[in-house]
Amino acid sequence: MKKDVLVLIGAGSIGIAIARRVGIGKHIVLADFNIENAKRESQILYNAGFETSVFETDISSRESILKLIDFLKGLGKVKYFVNAAGVSPSQASIEDILKVDLYGTAVLLEEFGKVIEDGGSGVIISSQSGYRLGSLTDEENKILATTPTEQLLSLPILEKASDTLKAYQLSKRCNCLRVMYESSNWGKRGARLNSISPGIIITPLANDELNGPRGAMYKRMLELCPSKRAGTPDDVANVAELLMTERGSFISGSDFLMDGGVTASWWYGELSESK
């Protein structure tokens, strides 16, 4: 008997924590650009009692995404979707950040919105960085939310991505706007879609940032934010579990900022005084 499918795109620490929390009794597919990483994580999950498969996927390619969807259809009903894939400002170029984090996420939401099953749910892992971009006009927000995916990378607004951090911030703002837009289409299939914008969550990627060129800034955020600590992947999984289960059945098209109060302090607290 085929099980409902949970697809996790990006088999990193946050995504795996979510899969462990909501993947019991489901067929978990780990889709990752780094297939060896997916295989390692798949074996760990298998040894913990989960049913797993792996699939090599490049989310900057629509063709690759469509191949993944065809693979999933052969396993069962695609009912649960998590996108935790992405690249960071210290790891990638402006072009790659926009192709993966902005365009790739938009294509995922579009294509999975065509196949997600009734009663299904999806979560996108965005970032607190989208909240530090500053205000956009209503028209700019609408353009990022609704522009056809194949036109996204040609938008004049992307000229604001003057460095990798701004490209990342713009991409993450776009993620949340696309979730709002696509949640209506998902709703027509009886499914829900939300995003989570974590702050500094201790993962290998976060450690790269903490030890990278902007490390001092991130460490100051942790020192001056209300929570006085970084988050953990399990912190994010707590929110994802709510959003992806029946307890969150009235939540769709929303973004959940969970950063220990960094954004609040950045705009109105102690961090605002040290910018």
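Helix axes here are lines fitted to C-alpha atoms over the stretch in contact, with angles running from 0 to 180 degrees between N-to-C directions. The model is a predicted one, where local features need pLDDT of at least 70 and side-chain atom pairs count only at pLDDT 80 or more, while totals for chains, interfaces and linings use all residues. Residues are numbered from 1 along each chain as its sequence is written, and side-chain values use heavy atoms, with hydrogens and water left out.

Helices (H or I, at least four residues) and strands (E, at least two) are DSSP runs, numbered from the N terminus. Take α5 (residues 138-146) and α6 (residues 164-188): they pack at about 75°, and their axes lie 8 Å apart. That angle makes α5 roughly perpendicular to α6 (the label covers 65 to 115 degrees). On the α5 side the contact (heavy atoms within 4.5 Å) uses N141, L144, A145 and T146, and on the α6 side L170, R173, C174, L177, R178 and Y181. Sorted by class, this contact has six nonpolar, two polar and two charged residues; Ala, Val, Leu, Ile, Met, Phe, Trp, Tyr, Cys and Pro count as nonpolar, Asp, Glu, Lys and Arg as charged, and the others, Gly among them, as polar.

Then there is the pairing of α1 (residues 13-22) with α9 (residues 233-244), at an angle of about 45° and with axes 8 Å apart. So α1 is oblique to α9, oblique being whatever is left after roughly parallel (under 35 degrees), roughly antiparallel (over 145) and roughly perpendicular (65 to 115). The crossing of α1 past α9 is right-handed, as the near helix is turned clockwise from the far one by less than a right angle. From α1, the residues S13, I14, A17, I18, R21 and V22 meet P233, D234, V236, A237, N238, A240, E241 and M244 of α9. Nine nonpolar, two polar and three charged residues make up this contact.

As for cysteines, the structure has zero disulfides (pairs of cysteine sulfur atoms within 2.5 Å). For C174, which also sits in the α5 contact with α6, the nearest cysteine sulfur is that of C176, 9.2 Å away. C174 counts as buried because its relative accessibility is 0% (buried means under 20% relative accessible area, exposed over 50%, partly exposed in between, with a 1.4 Å probe and protein chains only). C225 is likewise in no disulfide, with the sulfur of C176 the nearest at 19 Å, and its 0% relative accessibility makes C225 buried.

Finally, T57 is in the loop between β3 (51-56) and α3 (62-73). At 4% relative accessibility, T57 is buried. Leaving aside residues up to four places away in sequence, T57 touches A31, D32, F33, S64 and L68.
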